[in-house]
Amino acid sequence: MKSKRAMPMGRRSTIFLTILFLASAPADVLGDYFETFETPGTSWRLVDSDAHAKLAQHERTFRQSHGGQGAEYFGIFAKFGAYAYIGQDIQAAHIISELSPRLWVKSNRADLQIVARIVLPHSAHPRTGEPISFLIEGAKYSQVDRWQQLDISGVVGKFEAHVRGVRTQFGSQVDARGAFLDMVALNAYGGPGKTEVWIDDLQIAGHIAVTPGNIGPGNIVSAKRTQSGKGGAPHTTPRPAVLEQRGYPTLQGSVLEVEKRPFPPRVLDHNGESFSTLKAMGINTLRLPSPATEQQKNEAAAVEIWLVAPPQMNGPPEQNSRQGMLALDMGADLTARDLGAIKHRDSQWTAAGGKPLKFGGFRRTASRLERTLDLRFINSTPLGTEFSLEDFFQHLSAAHRQGAAPFWAAIATEPPASLVEQIALLQSAETAAPHWSDRLVVEYEQIRLQAFLAAAAGARGFVFRSRTPLDGEDSVSQLRSAAIELVCLDLSLLAPWIAAGEHLGSLDHDRHDIESALFQTERSRLAMLVRTSAQQQLVSSAPVAARLTVTIPGVSIDARPYLISEGRIRPLEFQRRGGGLRITLKRFEAFAAIVVSQDPLVINHLYRRRHNSLRRRAELHYEIAAISLAQLEEVLASENQRLASLPAAKHKLHEARANLKRCETLLDTRDDLNSLQFAGRTRADLAVIRRALWEQEVVSLPSPAASPCCLNFTALPVQWALRERTKNQPWSSNLLPGGTMENLDNMLRSGWSRSAKGALAGRVELSSERPHAGRFALKLSNPRSAAAASAERPPPVQMVSAAVQVKRGFFLHVRGWVRTAQSQKETPGQLSIYDSEAGPELALRISAAEQWREFSLYRAVAHDGPARVTFSWSGAGEVWLDDVTISQLRLPSSVVAGAPGPPQR
């Protein structure tokens, strides 16, 4: 029940009397505002949350209260975040010195905080067109399980401080006249899990009601605004006139600018998630699968996020409005056939008066094609393949050197689709075991390494590839979401150098397993150092501390170096050598960012950014560690004896559990810095266990790529079960004709095909030089230099086997022998071997084999029909193939849903 009562006619401030008489308000609007919570219906609601908060229970209860008989109860379940606002709209009140909201609160958790929303009715937000609003904060709850009154005192001072901040952000033209308070709320976020909250006896002292007549001239909103039920401010569609003011992205050299400021694109493939949810994760651009609608553009503008989407290729060019669009997506797999259509449409856009930025990628490098784009997309991702992280870095570095247009790098957050399909085929739908194809995990460390390597290679933007929504309740989605948000925090911190700095090349250091880069801005330099190890694109390695000495050249005499670590920024010791700084890091693990500057403003900016994100970092690291531990235990549950032969790994599992518990305790006590350390220890323990289990399995295979189940740690249960169930099953005889490589004409007649591309094409022929067996071997040779194979650059020499008829439900084994001889002066060659079932994404890659080496591929058959094997050779040198066979095995009908893998030979 809401009521008003007269205020004592004591001494009132000049501000109070001035507003009173200017507004000519009737006497009955003066007094306190009350909500006593005595009626049956609820009056408050969940307004907004960044912690995926949900109401498990919400009711007006009469079982306990502070005053009277009733109170309002909330049972809130939340994940990690910073806020979960429950609030109530009130009749708008003038901002005066006597204004003071007060609320009685009881909860099972501390640090809940009362807040209120203030609106500036004469100042429109430049992006949304809605009145600018902000929250002022009051007292925090500390008396757990007891009633405590929270208030907001000093409203005028807090209001004036916020107005100064708003003017700094939006300009001095921001008009604070007629400001009013129209919502009281409680930040009811008590941490992950369930928070119970009771509220009672809301009082707003000094409440002078605002009416449409006394807001003042030129008001742009009514005193009582329509609420959306979401967000600290109402969600409305921006007006076209305001959307028009958003400005257009431009390129200044290689720097993308928005509103004349460098813009660091952190892009996500959109799969239906809420724009505001993704914005809270640090994503600032969404890549849509189809042309953007006006509704999507308006929604994006409302939350200050940009869009990349395909253009409307048919119809008038003005359909492709540039409003809200960072760039038009011309496609990631363009060929020369697309060149004419792109040029034609580009000329139409130019004639229509608005030429948008064009973004896209090519199947192969071609300067004519690249010149049609403003922003290049390099869509080569290494995870779950034999395309190593070192290859990934070298490939992006070559793209940086060779292309004039800036490039954005793809960052894989999910395993390849072909790998997921293979794992699904190797499972049985008959058992109740977990469907591991739905649980395949990309580790946080793998996403982080990709992003840092891409940045060091010169990428100006990052496209987080995603096929499934990030807002799911399953652990895989939650881990991906937390990992992406954490990586975005790091990229945001380093954005001034990545988005606008000059890339000066690599650094001089004393380790062979480190990729490096140096960036320069007007007032500072940034050194990035990223450590890689073998096959981390499949299963990450545990970090091992090592000593590293690095030299940063071209540094002014008064500049100082600072190390940016996960929890803090600290100055480093150094020696001056020949105009540079020589720095030794005694415990370098996986990544280091060193900022060198003589400007204290640069360092202060970093300190503030790191400090402000510390709490969120600690929460995310705990969430990642907790989910990773649960996933590891789920894998181990499929075969309980796996750790018996690895006593060191078993001990690490006990340590991981203890470290995670310690991390949780420190997080609950808000010791964020130490919580980060124990989260790191937990993840390191888990990495040791994962790597040991994986290495134990792949040691029996010629290569991890032989089995799809060894390309991702979470697929190991599938490997274990499949190996066991096919152990004594008979394989068929060889089905492939011509695999002995003794007669090329017979091979071609039986269905083998050869190709050699390019003006200086290589050769495909039989050779009698050191065959593996018989008189001949197949020889692929390329006399010219060519770049290493990649998803965008097809190899110039290729041989495709004859077709073998296969049926779904069978298991294929491709086997053969290979050796190579390469020129020392030319680009090293690489042989890619892949089958038509899994495709080139899961290719086996062989760079060096001076002696004959066996290769194997185990693959599940997805469809009835022909199956072929392709051998592709790139680079300079020669490769020989011999004794290639294909055999098959019918998979037992009971092959596990929770655990298969390739059989013993």
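A disulfide is taken here as a pair of cysteine sulfur atoms within 2.5 Å. By this rule the count for the structure comes to zero disulfides. The sulfur of C710 lies 6.7 Å from the closest cysteine sulfur, that of C709, which is too far for a bond. C710 is buried, with a relative accessible area of 0%, where buried means under 20% relative accessible area, exposed over 50% and partly exposed in between (1.4 Å probe, protein chains only). C663 is likewise buried, at a relative accessible area of 0%.

The structure is a predicted model, in which local features need pLDDT of at least 70 and side-chain atom pairs count only at pLDDT 80 or more, whereas totals for chains, interfaces and linings use all residues. Residues are numbered from 1 along each chain as its sequence is written, and side-chain values use heavy atoms, with hydrogens and water left out.

The protein holds 17 helices and 45 strands; these are DSSP runs numbered from the N terminus, helices being H or I with at least four residues and strands E with at least two. Of its 905 residues, 55% count as buried. With contact defined as heavy atoms within 4.5 Å, residues 24 or more positions apart account for 75% of the contacts with a separation of 6 or more.

Two open sheets are described here, and strands are said to pair if DSSP finds at least two bridges between them. Strand β14 (residues 255–258) is joined to β15 by two bridges in the antiparallel sense, and E257 has P262 in β15 as its bridge partner. The other sheet has four strands, ordered β25-β28-β32-β31, again with antiparallel pairing. Strands β25 (508–509) and β31 (575–577) stand at the edges with a single partner strand each, so one side of each is left without a neighbour in the sheet. Two bridges join β25 to the antiparallel strand β28 (residues 546–552), and H509 stands opposite V550 in β28.

Helix α16 (residues 716–725) is largely enclosed by the rest of the structure, because eight of its ten residues are buried. The buried residues are L716, P717, V718, Q719, W720, A721, L722 and R723. They pack against α9 (417–425), α13 (600–637), α15 (672–698) and β39 (810–821). In the loop between α15 and α16 lies P702, which is partly exposed at a relative accessible area of 29%. The C-alpha atoms of P702 and F855 are separated by 5.9 Å, although the two residues are 153 residues apart along the chain.

A cavity is a set of points, on a 1 Å grid over the protein atoms alone, where a 1.4 Å probe fits but cannot get out, and lining residues have an atom within 4 Å of a point. Of the 16 residues that line the largest cavity, V441, E443, S628, Q631 and R690 are the closest to its centre. Two or more lining residues come from each of α10 (444–457), α13 and α15, and α13 gives the largest share, five residues. By class, the lining has eight nonpolar, four polar and four charged residues; Ala, Val, Leu, Ile, Met, Phe, Trp, Tyr, Cys and Pro count as nonpolar, Asp, Glu, Lys and Arg as charged, and the others, Gly among them, as polar.

Technical notes
On a 1 Å grid over the protein atoms alone, a cavity is a set of points where a 1.4 Å probe fits but cannot get out, and a pocket is an open set with protein on both sides within 12 Å along at least five of seven lines; lining residues have an atom within 4 Å of a point.
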